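Open the model in your viewer and keep the selection tool at hand. Each stop below says what to select and what is there.

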Amino acid sequence: MFLDSALREAYESITTATITTILLKKGLRNVALRGPKPLRTWGRLVGPAFTLRFVPAREDLATPASWSSPTSTRGAIEDMPEGVIAVVDAMGVQDAGIFGDILCARMAKRGVTALVTDGALRDIEGVEGTNLPVWCSGVAAPPSVAGLTFVGWQQPVACGGVAVFPDDLMICDRDGAVVVPQALIEEVAELGLEQERLEGWIMKEVQNGAKLPGLYPINDENRARYEAETKKGG
C-alpha cells in the first residue's frame, strides 16, 4: 500500500490514544496490540503493515538449517519495501529471540520504518545500535528456533491478540502500537485530526480553570464556542 505524504503527516500528529477512541466509536475494540512496548523513545511512527508469522516450534522444521530456507525470516526481510512497519506474530513467546542485531541492521538498511512484535528480541545491545525503532515484549538470548517455527509473510496474523492484515496501517508511539484497517485509513485520519484540534481547545480551557462537566465530553454550548473560536481563528 502506498501511503501519501498528506496521510502520513496526518497520522504523525494523531496519538494512538485518539485513534483507539475513534475506532471504539466505530465498533472496533480490539486494535491495540498487547505486549509490544518501545525499547526507547522514537516519536510517533506510521507505516503499512508487512506481516510475518511464527507457529510453535516443530523439531524437524525449527533448526538452524531453516535459516537458509526460501521460507525464512531472511527471505521475508529481503521482500520488505521501504517505509513498511514489520509486524511479527510470535505468539507472545518470551524465551526465544525472533530477531537479533544482524537482521535488524538489514531491515534498517532497507528503509523499514519499525519492527513491532509480541515476542522477544536477542542481541539487544546490538539491536539498539542499528537504530531500527523496535516495539517488542521482551528480550531473550536463545534463537527463534528454540521455541518457534517461521512459516511465512504477508498473511493475516494475530500479533498481541490483534488481527493485522497486510497493508493495514500501523501507528506506534509511547503508548504502544495500534492498527487501523485499510478500509478506514482516510476516514480515521480526518476524524483524528478534528479530535486532536478539539482536545487541544479543551486543554486550553482546562488550563484556564474551566470545570470538566460539559467540557469533556463537550456539550452543545461549549461545542458552539469551540466552533466559533476555531472558525474565527482560522
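**Ground rules.** This is a predicted model: local features need pLDDT of at least 70, side-chain atom pairs count only at pLDDT 80 or more, and totals for chains, interfaces and linings use all residues. Residues are numbered from 1 along each chain as its sequence is written, and side-chain values use heavy atoms, with hydrogens and water left out.

**Stop 1: the whole chain.** Show everything as cartoon. There are seven helices and 12 strands. Both are DSSP runs, numbered from the N terminus: helices are H or I with at least four residues, strands are E with at least two. The C-alpha atoms fill a box of roughly 65 × 35 × 30 Å along the principal axes.

Of the 234 residues, 44% count as buried. Buried means under 20% relative accessible area, exposed over 50%, and partly exposed in between (1.4 Å probe, protein chains only).

Contacts (heavy atoms within 4.5 Å) come next. Among those with a separation of 6 or more, 76% join residues 24 or more positions apart.

**Stop 2: helix α1.** Select residues 5-12. Leu 7, Ala 10 and Tyr 11 are buried here. Look down the axis: the buried residues of α1 fall within an arc of 90°, so they line one face of the helix. The arc is taken from the directions from the helix axis to the C-beta atoms. An α-helix has 3.6 residues a turn, so residues three or four places apart point the same way.

Turn the helix over. Ser 5 and Glu 9 are exposed on the other side of α1. What covers the buried residues of α1? The cover includes α2 (16-25), β2 (45-56), β11 (169-173), β12 (176-180) and α6 (185-207). Then zoom in on the start of α1, where a side-chain oxygen of Asp 4 comes within 3.1 Å of the backbone nitrogen of Ala 6.

**Stop 3: the cores.** A nonpolar core is a set of buried Ala, Val, Leu, Ile, Met, Phe, Trp, Tyr and Cys residues joined through side-chain atoms within 4.5 Å. The largest has 35 residues, and Tyr 11, Ile 19, Met 170 and Val 180 touch the most other members. Select Ile 19. Setting aside neighbours within four places in sequence, Ile 19 is in contact with Tyr 11, Ile 14, Ile 171, Val 178, Val 180 and Val 188. A second, separate core has 26 residues, including Phe 50, Ala 86, Leu 132 and Phe 150.

**Stop 4: salt bridges.** The structure holds eight. A salt bridge puts a side-chain nitrogen of Lys or Arg within 4 Å of a carboxyl oxygen of Asp or Glu.

- Select Arg 44 and Asp 173. Their closest N and O atoms are 3.2 Å apart. Arg 44 sits in the loop between β1 (37-38) and β2, Asp 173 in strand β11, 129 residues apart. Arg 44 is partly exposed at 25% relative accessible area, while Asp 173 is buried at 6%.
- Select Arg 58 and Asp 60. This salt bridge spans 2.7 Å, N to O.
- Select Glu 78 and Arg 110. The N to O distance is 3.7 Å. Glu 78 lies in helix α3 (residues 73-78) and Arg 110 in the loop between α4 (101-109) and β4 (114-117), so the pair ties together parts 32 residues apart in sequence.

Key: Polar contact = N/O pair within 3.5 Å; in protein donor to acceptor, adjacent residues only side chain to side chain.
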